[in-house]
Amino acid sequence: MISSAARSQTNTFTVTTPLYYVNDVPHMGSAYTTIAADVIARFNRLQGNPTLSITGTDEHGQKIQRTAEANGRPPQQHCDEIAEKFVALWQLLNIQYDRFSRTTAPRHESIVKEFFQRVWNKGDIYLGQQQGFYCVACEEFKEERDLLDNHHCPLHPNLEAEWRDEQNYFFRLSKYQTDLETLYREQPDFIQPAIRRNEVLSFVERGLQDFSISRVNLDWGFPVPPDPKHTLYVWFDALLGYVTALLEPEDEPTLDNALKRWWPINLHLIGKDILRFHAVYWPAMLMSADLPLSHQVFGHGFLTKDGQKMSKSLGNVIDPVALTQTYGSDAVRYYFIKEIELGRDGDFSETRFVNILNADLANDLGNLLNRTLGMTRKYCDRQIPSIQLSDIPDNNLLRQKGMALGSEVSVAYSKLAFSQASQMILDIVSAANKYLDSEAPWTRYKNGEQNAVNVILYAVLEVVRLAGYLLAPIVPTLSTKIYQQLGFETADFNALDRVSQQFSYSVHVQWGALPPGQVIQSPQPIFQKLEQPE
Ligand code: MSP
């Protein structure tokens, strides 16, 4: 969870996705991390916290150089083309990022040089001999015991790790063994979830080895400042992309400028395969440069297809562009957030995708709003029923659940338990459907029980409002439609900075924020039922 330690005193919130390799167009795995990061960034904006959301691309290294060569393009041109695909996908998926950090940006080189110099001055970089198996797809040396029988990497079983024996510059990771152990002990929330923390602890317990931070026979990267025959290791360069991203566009690219407002980063959201870089190497690099550490690293699980990690090299990926074009951004965002507990692996099935969306958004939530607004038109003259909140009795189930919901869901969001947050929201929606059926306001209306009708309709409409508000970080377009149909004309959950001023979190997260007497709009379906794929 994001502990109180993970919050800055100023309440600013900085979150990063990994900087994605541009060896290929984005697949659903990359989109997954970015959607999750967008949800937590939007949740913070909704609460009125100054928020910076960082994403971008990791463009150097052997993998990219080889891909560009194979495609017959100069590497920079290749990177430009693929980086554009990421930008386009984020737009399609309605991702509100503030910075798109590219490691080939000239200002990034200045930051890397300055950082390298600090670590160099500290005496933490030395020349040595590197021998070992290198997985180009991971851009990582592998221990022989971690490889499959034929020296293939378990994450890329169709690729053989390559034997290397070369002179490299090394970073003195071993020097930071005790400091890292202290960090993990004193800040137990630094690595989340617990299973990932345990993985790191046992890796560190085995004793840390220095790691090489330069390569020979590789042109595509920054030269090592004191020895330009060597090229800087892609991961040393890439992690610093987070720092470069903090610069304001008009800033001179210096570390001081980069670190002045948004540092330290609150949350690095990553997949579990790159945990070691973020939870071990990165804090040690920052310690060496005498900089404050990021507050938290959360390693989520893998999207799998038939139980295997979805990956380009295995050819079992889902195309997020096609999926989003077919079903819309809210649908894709909702499915991956609700169906897969962040931290666990999750399998994708299109049939299940369609079923969940139809059940939750089209039927449970969409129909509930639709029919309740229809009744409000007929029985209450197009106005939110004019009741006093105290007219809804204490033992009313919706009131009871509604009063607790806002704070419960907020806690779940803060812990990155998004799946739990959406489940709690859908639970109250389903309770409201049952309540409406059992209270049968249509019969009560016929019997002239207008007060009872008012109470019932208000309670149900208020559930839908609260659900819409609390779902806004996940399905902002749907939430906007809910709010607008309930008569909040200017609501736009895609303009969260404005929304958080107009519809303040502290008020709208509470039960009873729906103004009695507010004129509603005509009911329109908020989510079109999806067809099963053929
Ligand atoms: N370039 C590095 C990150 C550098 S960060 C300073 C990198 N890039 S990546 O494109 O290979 O992976 C980016 C992210 O996508 C990782 O967090 C990885 O876990 C995630 N995913 C890649 N395939 C995935 C799935 N099948 N499922 C979920 N996420 C996965 O690593």
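Start with the ligand: one of its nitrogen atoms is 2.8 Å from a polar backbone atom of Leu19. An oxygen atom of the ligand sits 2.7 Å from a polar backbone atom of Gly271. At Leu303, a polar backbone atom is 2.8 Å from a ligand nitrogen. The protein covers 93% of the 660 Å² of accessible area that the ligand has on its own (Shrake-Rupley method, 1.4 Å probe).

A word on the source. This is a predicted model: local features need pLDDT of at least 70, side-chain atom pairs count only at pLDDT 80 or more, and totals for chains, interfaces and linings use all residues. Numbering runs from 1 along each chain as its sequence is written, and side-chain values use heavy atoms, with hydrogens and water left out.

Which residues come nearest to the ligand? Of the 22 around it, they are Asp58, Gly271, Asp273, Leu303 and Met310 (a residue counts as near if one of its heavy atoms lies within 4 Å). β1 gives the most to this shell, with 4 residues (strands are DSSP runs of E, at least two residues, numbered from the N terminus).

Now Gln450. It belongs to helix α17, residues 450–471 (helices are DSSP runs of H or I, at least four residues). Leaving aside neighbours within four places in sequence, Gln450 is in contact with Tyr379, Cys380 and Tyr445 (heavy atoms within 4.5 Å). A polar atom of the Gln450 side chain lies 3.1 Å from the backbone oxygen of Tyr379. The C-alpha atoms of Gln450 and Leu293 are separated by 61 Å.

Terms used. A polar contact is a pair of N or O atoms within 3.5 Å; within protein, one must be able to donate a hydrogen and the other to accept it, and residues adjacent in sequence count only if both atoms are side-chain atoms.
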